[in-house]
Amino acid sequence: MTKFFSKTLSLEFATILLSFYFALIFNFPFLHETYLDLVKLDNFDLAYFISLPLFLTSVFIVLFSLLPKRVIYKTVLMILIFLSAIFCYASSSYGIIFDYGMVENMAETSTSEAFTYLNSSAILFVTLLIITPLAILFKINPKQNTFKVSVNKRLKLISPTLAIFFIIVFSLYSSYASVNRNNRELVKYIVPIPTLISSYKYVNRNYFYEPTVFKLLDETPTLKTLNNKDKNVIVMIVGETARAKNFSLNGYPKQTNEYTEKLNIQSFQQMYSCGTATAVSVPCMFSLLNKEQFNKRSASSQQNLLDIVELAGVDVLWIDNNEGCKGVCKRVKTINIDKNKSNPLCDGDYCFDEILLTQLDNKLANLSHQTTLIVLHLMGSHGPTYYRRYPHKFATFLPDCQQSDIQNCTSEQLVNTYDNTIHYSDYVIAEVVNKLTSFTNENAQTVNAEMIYVSDHGESLGEHGLYLHGLPYAIAPSEQTHIPMLFWSNNITSNMNTDCALESANTSFNHDNMFHSMLGLLNVESSTYQTKFDIFNSCNLNTLDIAKNLLPINESNKKENDVILK
């Protein structure tokens, strides 16, 4: 080995070695996932599986051989080696696929968030991966051949490589076509070609497309008023990375909803996200576009929920303790929480979600409109540094995982840490409800107050070898798509149409319902509103005029109230 690396290598031989390394080492996660899918089949195609590394190698040889001068060759390969090592680590450790959605998510990730993934395991893993290919790269003979000689040598390399490529394709065409047709997401595991293509598409769509004309979906939405003396306040809490599976309100055995379970809160147990990453789910839940239609470019080029309700006369305020609203709030008043260390709830990078309560108090003390929508964007359960999402006194479930390389924690430690984040978010949600209750009482019942909490997406905690989130929706496990949704109103009591409320809570909904449900809750009349998608409409949970006709709640009035509700 020492003798081998003491000599310089021809560019062509180095290309073969590097191509084998990319195919076998950097693409080990792809080969592993392919193997797992193949063994599930009745007829395991061994020839197809054996041919895959050779197929990939031939592809890389051709691509690398097309790079011109040595300087460009070395520069490009060096970049690809570093990127491929990172992608390989993320795929091997967390099960992450770097498709277009993940590229979009990475592009909108802040520096502080990116550094949460930096740990000793990641550094060691990536370092070990890049040593050999970089050594090969630096051993390439620096002598530059003439253009003619260089072209001839590359043609001599490419010609037999293409021959091997076509032999594999034609001899095993049916196997390649079948696997590709039935396992379309597998190709996204290949490093780094699909990611580079996705990156190109992202840059092209976001920086080189001609700007689109902003579309007004409704120019004349109106706000229904019930009583000029009443004020309507809705607090919408946008959760982060919370999954329904870990809510005790949904049957989870650990008491993660210790605070909200004491309140009259309805949990909708069959709620599903629009995407598996914040960059998609947050814009989607505020967009009229449904999950199948949604793309961020179209959504950002037309009115969203906040635009329409503000135009109707609703006072809208977005308060953000996360990494931004992903463009949703850019046309409404926004407060981004200052993460300065001088605040005991902040560490310079992040703040605990309790900090949102102070801003909520300030807004409740200064209501200027009849109807107000306050959106609180939580940091919630954002990983992988779950342990930084809750104060020490909320470390209820122990032992927990006090590190970012979560794949190296035990399952018990990891789940405990995540459950602590849910428990802490539950405390914050309960405090919001308590503040709305107090505010209502202080104003002699002249405030109609409601709280709705819904998460952006879920999270994998090691199930099926997967961690975090962001998998393509088609193959994402339910842990990443099944999300919690909670609702509270000072107009809703346990005596109000309980059977219908329970039926709705067990009905399957998703982020597509949020646009219409929020219009209903805010009493905004709009041409965009569709009754059939309003979660609360069938039970009249959002109809304040009906609630106003109810008699004071007591046993003697229960039957009469039920008649009014029906």
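A nonpolar core is a set of buried Ala, Val, Leu, Ile, Met, Phe, Trp, Tyr and Cys residues joined through side-chain atoms within 4.5 Å. The model used in these exercises is predicted.

**Exercise 1. The cores**

Task: Find how many residues the largest nonpolar core has, and which residues have the most contacts inside it.

Solution. 
- Step 1. The largest nonpolar core has 101 residues.
- Step 2. Those with the most contacts inside it are Phe26, Tyr73, Ile237, Val432, Leu436, Met451 and Tyr453.
- Step 3. Look for the main contributor. Helix 16, residues 411-442, gives the most to this core, with 12 residues.
- Step 4. Take Met451 and skip residues up to four places away in sequence. Met451 then touches Val235, Ile237, Ile265, Ile429, Val432, Val433, Leu436, Leu486, Phe487 and Trp488.
- Step 5. Look beyond this core. A second, separate core has 40 residues, including Cys325, Cys329, Phe487 and Phe515.
- Step 6. In soluble globular proteins, nonpolar side chains tend to be buried together.

**Exercise 2. Helix 2 against helix 8**

Task: Describe how helix 2 and helix 8 pack, and which residues make the contact.

Solution. 
- Step 1. Locate the helices. Helix 2 covers residues 11-26 and helix 8 covers residues 120-138.
- Step 2. Read the geometry. The two pack at an angle of about 165°, and their axes are 9 Å apart.
- Step 3. Classify the angle. Angles over 145 degrees count as roughly antiparallel, so helix 2 is roughly antiparallel to helix 8.
- Step 4. Find the handedness. Helix 2 passes helix 8 in a left-handed crossing.
- Step 5. List the residues. Helix 2 brings Ala14, Leu17, Leu18, Tyr21, Ile25 and Phe26 to the contact. Helix 8 brings Leu128, Leu129, Thr132, Pro133, Ile136 and Leu137.
- Step 6. Sort by class. This contact of helix 2 with helix 8 has 11 nonpolar residues, 1 polar and no charged.

**Exercise 3. Helix 2 against helix 9**

Task: Find the angle, the handedness and the residue classes for helix 2 and helix 9.

Solution. 
- Step 1. Helix 9 covers residues 147-171. Helix 2 and helix 9 pack at an angle of about 30°, with axes 10 Å apart.
- Step 2. The crossing of helix 2 and helix 9 is right-handed.
- Step 3. From helix 2, the contact takes Leu11, Glu12, Thr15 and Ile16. From helix 9 come Lys153, Arg154 and Leu157.
- Step 4. By class, there are 3 nonpolar, 1 polar and 3 charged residues.

**Exercise 4. Buried or partly exposed?**

Solution. 
- Step 1. Buried means under 20% relative accessible area, exposed means over 50%, and partly exposed lies in between.
- Step 2. Ser425 is found in helix 16.
- Step 3. Ser425 touches Leu378 and Gly380, leaving aside residues up to four places away in sequence.
- Step 4. Leu24 is found in helix 2.
- Step 5. Check a distance. From C-alpha to C-alpha, Leu24 and Asp230 are 68 Å apart in space, and they are 206 residues apart in sequence.

**Exercise 5. A covered helix**

Task: Name buried residues of helix 6, and what covers them.

Solution. 
- Step 1. Helix 6 covers residues 100-107, and its Met102, Val103, Glu104 and Asn105 are buried.
- Step 2. Their cover includes helix 11 (193-208), helix 12 (278-285) and helix 13 (296-300).

**Exercise 6. Backbone exceptions**

Task: Find the places of two cis peptide bonds and two residues with positive phi.

Solution. 
- Step 1. Start from the general rule. Most residues other than glycine have a negative phi, and most peptide bonds are trans.
- Step 2. The bond from Val191 to Pro192 is cis, with omega near -5°. Pro192 is in the loop between helix 10 (173-182) and helix 11.
- Step 3. The bond from Leu398 to Pro399 is also cis, with omega near 0°. Pro399 is in the loop between strand 6 (371-377) and helix 16.
- Step 4. Thr241 has phi near 60°. Thr241 lies in the loop between strand 2 (231-239) and strand 3 (266-272). Thr241 is buried, at 0% relative accessible area.
- Step 5. Asn523 has phi near 60°. Asn523 is in the loop between helix 19 (512-521) and strand 12 (524-525). At 7% relative accessibility, Asn523 counts as buried.

Conventions:
Residues numbered from 1 in each chain as written. Predicted model: local features only at pLDDT ≥ 70, side-chain atom pairs only at ≥ 80, totals over all residues. Heavy atoms only, no water. Axes fitted to C-alpha atoms, helices over the stretch in contact; angles between N-to-C directions. Helix = DSSP H or I, 4+ residues; strand = E, 2+ residues; numbered from the N terminus. Parallel < 35°, antiparallel > 145°, perpendicular 65-115°, else oblique. Left-handed = near helix turned anticlockwise from the far one by under 90°. Contact = heavy atoms within 4.5 Å. Nonpolar A, V, L, I, M, F, W, Y, C, P; charged D, E, K, R; others polar. Buried < 20%, exposed > 50% of the residue type's maximum accessible area, 1.4 Å probe, protein only.
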